[in-house]
Amino acid sequence: GLNFIDLMVRQGNIDNPPKTPLVPGFECSGIVEALGDSVKGFEIGDRVMAFVNYNAWAEVVCTPVEFVYKIPDDMNFSEAAAFPMNFVTAYMMLFEVANLREGMSVLVHSAGGGVGQAVAQLCSTIPNVTVFGTASSFKHEAIKNSVTHLFDRNADYVQEVKRISADGVDIVLDCLCGENTGKGLSLLKPLGTYILYGSSNMVTGETKSFFSFAKSWWQVEKVNPIKLYEENKVIAGFSLLNLLFKQNRGGLVKGVMDKLLNLYNSKKIKPVVDSLWALEEVKEAMQRIHDRGNIGKLILDVEKAPTPLMANDSTETSEAGEEEEDHEGDNENKERMPFIQ
């Protein structure tokens, strides 16, 4: 699986970035080739998906058994590689942190991405949940049926939400950070929960930008605990990778995966795969994520042969900068700009 966090790792936009050389990637699917001496519950030849603390983009991967899960019979390898990060993140934010219940409302940014689509599907398993989503306009036709109200990401979504729901929403899921933090808090109903689970606004150009980093943090509204107390609002953060690899909550995540696989087997949720890429095409795949061009998850397939580049390819990029997303989906008359030199 290829996630936005992989892009941030490549740019060094995370705390304590790993030393190079390294193989990126945090999730994968495949067939068990070997077992440790004390491993129980798995056999060589089993179809599995797994979390990995880096090194997932490889032909052979080793990871502790607590991070490995059997793939349902009717789930293919591409769907399995798209499943763990997106659905566990979405489920834990909605149900473990925000306590989603019948009749609530949710605002999710990047509604066309992997986590956004997982959030929309999980919300549909609870009666009468209203989902407000923001996404680039070219994605709207493809995802319009997955959310209740869909707004252009460049529009004033605060006013749009308040026009429909004057009191705001119960849950805000923010992967953008920056100025959206204050906007999200302002939209919360009393007893509402704002969850920050990413900071994609810090990624603008091809490399780490101190200006983008500083601007994002400057725009973050300073949170006053007394104001939270007076307004009955909750602010939270969620990092699945820290939960797994730094805080040793693999058992908790295993319980969540069991619930998610039950939902999958009952055909209530299904991972959305945007596209498959050969390992040699990783820079083009990362460019597609950088330009927010994907609907669902991008997958690196070790068995796929590279596709010959066409003159008018879907991974062409806009000029990296403040307004990059205004031009998403416009593939015409653009010159390819390599993401990785």
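Contact here means heavy atoms within 4.5 Å. By that rule, and not counting residues up to four places away in sequence, Phe-83 touches Glu-27, Met-49, Met-75, Val-88, Met-257, Leu-260, Leu-261, Tyr-264, Ile-269 and Pro-271.

This is a predicted model, in which local features need pLDDT of at least 70 and side-chain atom pairs count only at pLDDT 80 or more, while totals for chains, interfaces and linings use all residues. Residues are numbered from 1 along each chain as its sequence is written, and side-chain values use heavy atoms, with hydrogens and water left out.

**Overview**

The protein has twelve helices and eleven strands. These are DSSP runs numbered from the N terminus: helices (H or I) have at least four residues, strands (E) at least two. Of the 341 residues, 49% count as buried. Buried means under 20% relative accessible area, exposed means over 50%, and partly exposed lies in between (1.4 Å probe, protein chains only). Take the contacts between residues at least 6 apart in sequence: 67% of them join residues at least 24 apart. The protein exposes about 16700 Å², and carbon and sulfur atoms supply 52% of that area. Accessible areas come from the Shrake-Rupley method with a 1.4 Å probe; for residues, only the protein chains shown count as cover.

A disulfide is a pair of cysteine sulfur atoms within 2.5 Å. The whole structure holds zero of them. Cys-28 counts as buried because its relative accessibility is 14%. Cys-62 is at 74%, so it counts as exposed.

**Cores and helix H3**

In soluble globular proteins, nonpolar side chains tend to be buried together. A nonpolar core is a set of buried Ala, Val, Leu, Ile, Met, Phe, Trp, Tyr and Cys residues joined through side-chain atoms within 4.5 Å. The largest one has 58 residues; Phe-51, Phe-83, Leu-173, Val-253 and Leu-260 touch the most other members. Helix H3 (residues 84-97) gives the largest share of this core, eight residues. Apart from it lies another core of 17 residues, including Leu-2, Ala-50, Ala-56 and Trp-57.

Helix H3 is largely enclosed by the rest of the structure, because eleven of its 14 residues are buried. Among these buried residues are Pro-84, Asn-86, Thr-89 and Leu-94. Asn-99 follows H3 and has a positive phi, near 55°.

**Rings and charges**

Rings of Phe, Tyr and Trp (its six-membered ring) pair if their centres lie within 6.5 Å; planes under 30 degrees apart count as stacked, over 60 as edge-to-face and the rest as tilted. The count comes to seven aromatic pairs. In one of them, Tyr-91 and Phe-95 have ring centres 4.7 Å apart and planes at 40°, so the pair is tilted. The two residues are four apart in H3, so about one helical turn separates them. Tyr-91 is buried, at 11% relative accessible area.

Phe-132 and Phe-151 form a stacked pair, because their planes are at 20°, with centres 6.2 Å apart. Phe-132 lies in strand E5 (residues 130-135) and Phe-151 in strand E6 (residues 149-152), so the pair ties together parts that are 19 residues apart in sequence. Phe-132 is buried at 1%, and Phe-151 is buried at 6%. Ring pairs also link Phe-83, Phe-87 and Tyr-264 into a cluster.

Two charges sit over rings. A charge sits over a ring if NZ of Lys or CZ of Arg is within 6 Å of the ring centre and within 35 degrees of the ring normal.

| Charged residue | Ring | Distance to ring centre |
|---|---|---|
| Arg-47 | Phe-77 | 4.8 Å |
| Lys-70 | Phe-42 | 5.7 Å |

**Asp-174**

Asp-174 is found in strand E7 (residues 169-174). Asp-174 is buried, with a relative accessible area of 0%. Asp-174 and Val-108 are 66 residues apart in sequence, yet 6.5 Å apart in space, C-alpha to C-alpha. Leaving aside neighbours within four places in sequence, the contacts of Asp-174 include His-109, Asn-180, Tyr-194 and Gly-198.

**Backbone details**

The peptide bond from Thr-20 to Pro-21 is cis, with omega near 0°. Pro-21 is in the loop between helix H1 (4-11) and strand E1 (27-31).

Tyr-54 is not a glycine, but its phi is positive, about 75°. Tyr-54 is found in the loop between strand E2 (47-51) and strand E3 (68-70), and it counts as buried at 16% relative accessibility. Asn-55, also not a glycine, has a positive phi of about 80°. Asn-55 is in the loop between E2 and E3, and is partly exposed at 39%.
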